Amino acid sequence: MSNKERIISTFLKTKEVSPLVAAFAAGLYPLFFYYSNNYTLIGAWEHMTVFFTLFIVTPVIAFIIASRVIKMQVFKKIAHFVLPFLNLFFFFNFVKLAVYPGTQWLIIIGIFTVSAVISFFFSGYFKKWVVIQLVLAIIGFITLVPKIITQLNYSTEWQKQPDDITEAIFKSTPNIYLIQPDGYVNFSELKKGEYGFDNSAFEGFLKQQHFKSYAYFRSNYAATLATNSSLFAMKHHYYNEGASFSETLGAREVIMTDNALLTILKNNGYKTSFFSEHPYFLLSRPTLGYDKSNFTAKDVSSITTGMTVKRDVLADFENNFAIEDSPVFTFIQVFNPKHITRTNADTKGVAGEKAIYLDGIKTANDKLARLITLITKKDPNALIVIMADHGGFVGFEHTGQAYKKTEHLDLKRSIFSAILTVKWPYDKEELYSKHLKSPVNLFRILTAYLSEEPRFLENLQDDGSYLILNDNEFKGVYKYFDDDGESTFKKQ
């Protein structure tokens with residue numbers, strides 16, 4: 001019998017459970033589970049240190065202390081309940097943390113109560129449930145390995161440009177402002193389809209401010225990270241060929257650290273700034289490629305959705321607003337109107353989610369109007385782009401339903417329809433702006449416009465809209481709209 005077999009045999013025959021084994025069992029599966037579901041967020045050694053400390057070191061210390069304390073005479077009557085209770089309390093809390101980051105006190109109190117009841121009545125089964133936890137950990141590790149391999153093999157080849165556009169020299173260098181309202185559908189869809197909203201007052205305001213709105217503009221992808229990584233790289237990633245259903249690999253690093261647009265801007269002497277209401281783009285702690293930001297990695301906790309910390313983006317932008325000697329590029333992220341809820345558990349139904357979304361449109365209009373007024377007053381010759389990252393998903397009960405195949409045209413448009421309205425500082429935009437259909441080509445077209453180089457339009461990307469389906473029958477990346485905006489269904 002080998003040493004490994006002897007250890008396993010001894011463990012199975014012994015009635016008692018080692019405090020260290022119980023501690024590891026409580027944390028291992030939740031640790032692997034969290035990594036499997038959030039591995040695109042974990043890009044720094046700091047993350048790994050924090051997670052290992054939280055999921056493994058903390059319960060080990062707690063179990064060592066508890067195992068010594070319960071040997072005291074005063075705790076003799078409850079001694080056999082303590083370790084089972086700690087095991088369950090840590091285990092359930094860690095699983096909760098992996099699914100719902102943050103501190104939800106009602107859930108924690110519920111976990112405490114359930115753990116206490118189970119350990120009181122079923123402590124005799126302690127060893128069996130520890131074995132189950134260890135088996136889950138093994139399964140979790142097996143599930144995690146392919147994802148780690150995928151992450152390690154991630155290639156940046158998709159970002160390479162087909163020409164020398166990153167070396168473009170601008171003939172004009174206006175200050176550029178990209179304002180991104182989350183989930184704001186195009187005016188052409190907002191007035192009909194699943195929305196039926198009269199937005200004429202805000203459309204009229206934009207016309208007065210000399211904005212040109214582009215009807216039927218739609219996103220290439222159905223999520224913020226997927227859209228923006230493609231937007232700034234000026235290339236398609238096709239969800240990394242379906243490598244990750246939850247998030248696009250390396251997206252935050254593309255958006256916040258290094259991309260084709262930032263290269264072009266810096267080559268033309270631009271100073272760059274990023275302002276947001278939430279540090280969502282900083283969850284993986286990417287190196288900041290912008291000269292200025294109202295959030296840094298220090299503002300982001302290791303386990304978070306990125307939506308718990310909030311700043312007044314309008315105030316931050318206004319307080320940092322200055323006309324500098326160098327031209328500036330400013331990316332402003334506004335989390336309104338925002339798409340409908342993500343889960344079936346939180347949905348208010350189709351009508352309820354629609355009502356919440358339309359209230360969000362009003363809030364977004366107010367914020368956008370204030371930003372536009374501020375910019376145009378202080379910087380009248382600016383190039384201002386207002387572009388949403390995707391649609392609002394109105395018509396679904398929750399966004400999860402969108403990842404099942406649908407042929408319903410209005411629902412498909414609800415996923416991808418996105419606002420695009422631009423204030424052009426010069427009169428030559430018509431030659432270039434007629435090509436604006438989707439985000440992937442936006443900055444290639446703007447680069448051609450500012451450099452007065454129509455040849456950059458020769459390498460426009462496909463304007464198709466793509467969705468990664470998690471359907472029993474249809475799994476993978478599918479084209480939902482073709483280059484001309486016609487509805488289709490074709491596997492990528």
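Helix H9 (residues 224-233) is followed by Met-234, whose phi is positive, near 60°; helices here are DSSP runs of H or I with at least four residues, strands are runs of E with at least two, and both are numbered from the N terminus. The model is a predicted one, in which local features need pLDDT of at least 70 and side-chain atom pairs count only at pLDDT 80 or more, while totals for chains, interfaces and linings use all residues. Residues are numbered from 1 along each chain as its sequence is written, and side-chain values use heavy atoms, with hydrogens and water left out.

In H9, 10 of the 10 residues are buried, so this helix is largely enclosed by the rest of the structure; buried means under 20% relative accessible area, exposed over 50% and partly exposed in between, with a 1.4 Å probe and protein chains only. The buried residues include Thr-224, Asn-228, Ser-229 and Phe-232. Leaving aside residues up to four places away in sequence, Phe-232 touches Leu-178, Ile-255, Asn-259, Ala-260, Leu-261, Tyr-290, Phe-329, Phe-331 and Phe-443, where contact means heavy atoms within 4.5 Å.

Phe-232 also belongs to the largest nonpolar core, in which Tyr-184, Phe-232, Phe-329 and Phe-443 touch the most other members among 107 residues. Such a core is a set of buried Ala, Val, Leu, Ile, Met, Phe, Trp, Tyr and Cys residues joined through side-chain atoms within 4.5 Å. Helix H14 (residues 349-378) gives this core its largest share, 10 residues. Another core, of 31 residues, lies apart from it and has Tyr-34, Ile-56, Val-60 and Ala-98 among its members.

H14 also packs against helix H8 (residues 200-208), at an angle of about 10° and with the axes 11 Å apart; axes are lines fitted to C-alpha atoms, for helices over the stretch in contact, and angles run from 0 to 180 degrees between N-to-C directions. H8 and H14 are therefore roughly parallel to each other, a term for angles under 35 degrees. At this packing, Phe-202, Phe-205 and Leu-206 in H8 meet Asn-365, Leu-368, Ala-369, Ile-372 and Thr-373 in H14.

An open sheet is formed by 3 strands in the order E8-E9-E10, with antiparallel pairing; two strands pair if DSSP finds at least two bridges between them. E8 and strand E10 are the edge strands, each pairing on one side only, and the twist averages 30° from one strand to the next. E8 and E9 pair over 6 bridges and are joined by a hairpin through 4 residues. Of the 6 residues of E8, 5 are buried, so this strand is largely enclosed by the rest of the structure. Helix H15 (residues 409-416) lies across E8, E9 and E10, running at about 100° to E9.

Residues 24 or more positions apart account for 75% of the contacts with a separation of 6 or more. The accessible surface comes to about 22,700 Å², of which 58% belongs to carbon and sulfur atoms, as computed by the Shrake-Rupley method with a 1.4 Å probe.

Note on methods
Parallel < 35°, antiparallel > 145°, perpendicular 65-115°, else oblique.
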